Amino acid sequence: MPQQKDIVKIAIQMPGAYPQLIRLDQKKPLSAVIKEVCDGWNLPGHENYALQYADGVQTYITESGRCAEDLFKGIQSMDLGVRCDSLKQLACVSTDVTFAQEFISRDGHLLLVKIVEDSSDALIMTHTLTAFMELMDHGIVSWENLSSIFIEKIACFVNAKVGDASIQQVCLDILESMVLSSHSLFLQVKQVVTMERLIAHLQMTNQQIQTKAMALLMALLQTAGDADRQVLIWFFSSSENDLSFQNIIHSSGSVQDEMAHYLYVLQSVTLNHLEPRMRTPLDCYSQEQRDILHGLRQAAFETESENSLSHERRRSLCAKEFKKLGFSNNSNPGQDLVRTPPGLLALDTMFYFAARNPDAYSRFVLENSSREDKHECPFARSSIQLTLILCEILRIGEAPSETGSDYHPIFFSQDRLLEELFCVCIQLLNKTWKEMRATQEDFDKVMQVVREQITRTLSTKPTSLELFKNKVNALNYSEILKLRQTERLHQEETLAPPVLELKERLKPELLELIRQQRLNRLCQGTMFRKISSRRRQDKLWYCRLSPNHKMLHYGDLEEDSDTPPIETLQEKIPVADIKNLLVGKECPHMKENKGKQNKVLDLAFSITYDVEEYSLNFIAPSRTDFCLWTDGLSVLLGREMSSESMRSELDILLSMEIKLRLLDLENIPIPENAPVVPKPPSNYNFCYDFSQTEQ
């Protein structure tokens, strides 16, 4: 059941209820207001609540009015001490909306403005400005009614090279609220505040001053019109000012959430000035844009003087070169840039790359134009798609979120981030294309991998373009595949600690299953070829394990024979007499027949018996048979199996077994740690003893 203070609080904060509570000619009784609150809570007996607490709320409002009257008189006292104490108390109680209504109804906020305009005492100024800001935060009165003298006085505190930090913080807060309230106040603040001083505040060690100054700068940037915003962006991007933002990012302490939001806003607003180009399609009738297209072609191919060619010859040559350049519509390449986004922004990035990195540009185009048609990486098509991907990753065209804080430190180290990222990523794309051995049909797959490479690298927050370049190039296609595999396993929860523990418990049982399969395979036997240095065809022989696993039977075999019965294999070796298993270069027959050694080295194995004086040498028909026999012989010798075939089969069996056991836990998160087992009770008297018959 709610307490009295809860009901009072909700009653006075209910939308539309508070003005009716304090209005002298209120039409709705206080009890009716609280009755609405109780109805909203669906409380039984709400009439009793309304009657019981109406008097309490009225008393609360009356007390707020009395306090407002006392402080209104106190801040006008001729006694400096009384005035200072009253202003200090006013700064504390102004956060209460009820008190604020009462104080503002007496024009107390205008009295505070007058004190700011006339006073020079630092302590009084601090309390006055704090109280004024708290009162205005309630939105009861408009910021529009402030005098130009007051605004200039506030700006003087902000522009001062040396000043009281607490006063400067409140003044920055007040100016920010003024800028956000209306465009006319934005123009006034813009005229009286010195931008260089705001940038200087960013270089201070006081984080509160830094944050408030950044808040004011972002308010100015977001409220400005297109022309003013462009000027501010240019001002922020100058080398000296850019350094101030980098100092914030690279400071010893971590960037606070509020500052991170303002850095995100600056990045978002700055990048959004590229949106008009992104939304504008290429105009095929624009001579300037056609010249840029032909400039790209001429920069890539050294052609003979086109003036001496006939119109048809020149047109054919241009179409051929535009096709090599990667345009799908080689007779009218401008059609490729009609789609928006990325529109003209794709043309800008291509031209920037060709102008800033002419060698890399020529190498990209010429290298791909000399490949087979199906394996060439089309520069123009790739550039258009890559520009679109970068626009999506950098969120160009999206309005800044009120809660966003995901900024890229690299943005503050580059004047033209999009273009510089493009120069790095278009070369990355060509590298990834070759790693994937891609064809034209794989274009979308390559672009997905490149998007992933860029996104993963930017998520590590590189602070410079060089660092981004090193990281993104290290993240090659094979690394992407490994990361995808790891993430898939995490998603399937196969790497969760409880699942890993379950795997370890299942391993012995599955290894035993593999051992039995190996021994069964040895019991079936295998046909081997004898080693011969002569040119005639090698003879065949057969070897198999006895059903009781105590004897190895072997003997010669005719070419056209099937699996021989074990009784026909005259030679045999007791398993108990086998001393060792040798593989590869350690085998005696590999040492004797060096000519064939390289061809069959990976398939050779031997067993030694009778105090290692004798050996039986094998050349497996395939790698699979080699793994089966070496594993089976290791089991007979009491050793661990070590072949790659065994490891692969164990992984498959474990994966299948885990998936079967986790079927009932689908979509249920598995905790990393086991639940804590509670301590045993102090006694077990609660247990019922069924052995005793009831009396």
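**Figure 1. Right-handed crossing of helices α27 and α31 in a predicted model**. The crossing of α27 with α31 is right-handed, a crossing being called right-handed if the near helix is turned clockwise from the far one by less than a right angle, and left-handed if anticlockwise. Helix α27 (residues 497-524) packs against helix α31 (residues 644-661) at an angle of about 125°, and their axes are 9 Å apart; α27 is therefore oblique to α31. Axes are lines fitted to C-alpha atoms, for helices over the stretch in contact, with angles running from 0 to 180 degrees between N-to-C directions, and angles under 35 degrees count as roughly parallel, over 145 as roughly antiparallel, 65 to 115 as roughly perpendicular and the rest as oblique. From α27 the contact draws on V499, L502, K503, L506, K507, L510, L511, L513, I514 and R518, and from α31 on S645, M646, E649, L650, L653, L654, E657, I658 and R661, where contact means heavy atoms within 4.5 Å. By class, 12 of these residues are nonpolar, 1 is polar and 6 are charged (Ala, Val, Leu, Ile, Met, Phe, Trp, Tyr, Cys and Pro count as nonpolar, Asp, Glu, Lys and Arg as charged, and the others, Gly among them, as polar). Helices (H or I, at least four residues) are DSSP runs numbered from the N terminus. The model is predicted, with local features requiring pLDDT of at least 70 and side-chain atom pairs counted only at pLDDT 80 or more, while totals for chains, interfaces and linings use all residues. Residues are numbered from 1 along each chain as its sequence is written, and side-chain values use heavy atoms, with hydrogens and water left out.

**Figure 2. Helix α23 in its contacts with α22 and α20**. Helix α22 (residues 379-394) passes α23 in a right-handed crossing, and the two axes come within 10 Å and cross at roughly 130°, so α22 and α23 are oblique to each other. In this contact F379, S382, S383, L386, T387, L390 and L394 of α22 meet L417, L418, L421, F422, C425, I426 and L429 of α23, a set that divides into 11 nonpolar, 3 polar and no charged residues. Helix α20 (residues 344-356) and helix α23 (residues 417-435) have axes that come within 9 Å and cross at roughly 70°, and these two helices are therefore roughly perpendicular to each other. Here L345, T349, M350, Y352, F353 and R356 of α20 meet L418, E419, E420, F422, C423, I426 and Q427 of α23, and the residues of this contact divide into 8 nonpolar, 2 polar and 3 charged.

Figure 3. On a 1 Å grid over the protein atoms alone, a pocket is an open set of points with protein on both sides within 12 Å along at least five of seven lines, whereas a cavity is a set of points where a 1.4 Å probe fits but cannot get out; lining residues have an atom within 4 Å of a point. Grid points are joined across faces, edges and corners, and a volume is the space filled by probe spheres set on the points. Helices α18 (287-300) and α19 (311-325) each supply at least two lining residues, and the largest share, 6 residues, comes from α19. The lining divides into 7 nonpolar, 7 polar and 4 charged residues.

**Figure 4. The largest cavity, with α7 and α8 in its lining**. The structure holds 1 cavity of 30 Å³ or more, and about 50 Å³ of space lies in the largest cavity. Its lining is formed by H109, L110, V113, F132, M136, V141, S142, N145 and L146, which by class are 6 nonpolar, 3 polar and no charged residues. Helix α7 (108-118) and helix α8 (122-136) each supply at least two of the lining residues, and α7 gives the largest share, 3 residues.

Figure 5. Most residues other than glycine have a negative phi, and most peptide bonds are trans. A cis peptide bond with omega of about -20° joins T340 and P341, and the bond from P341 to P342 is cis as well, with omega near 10°.
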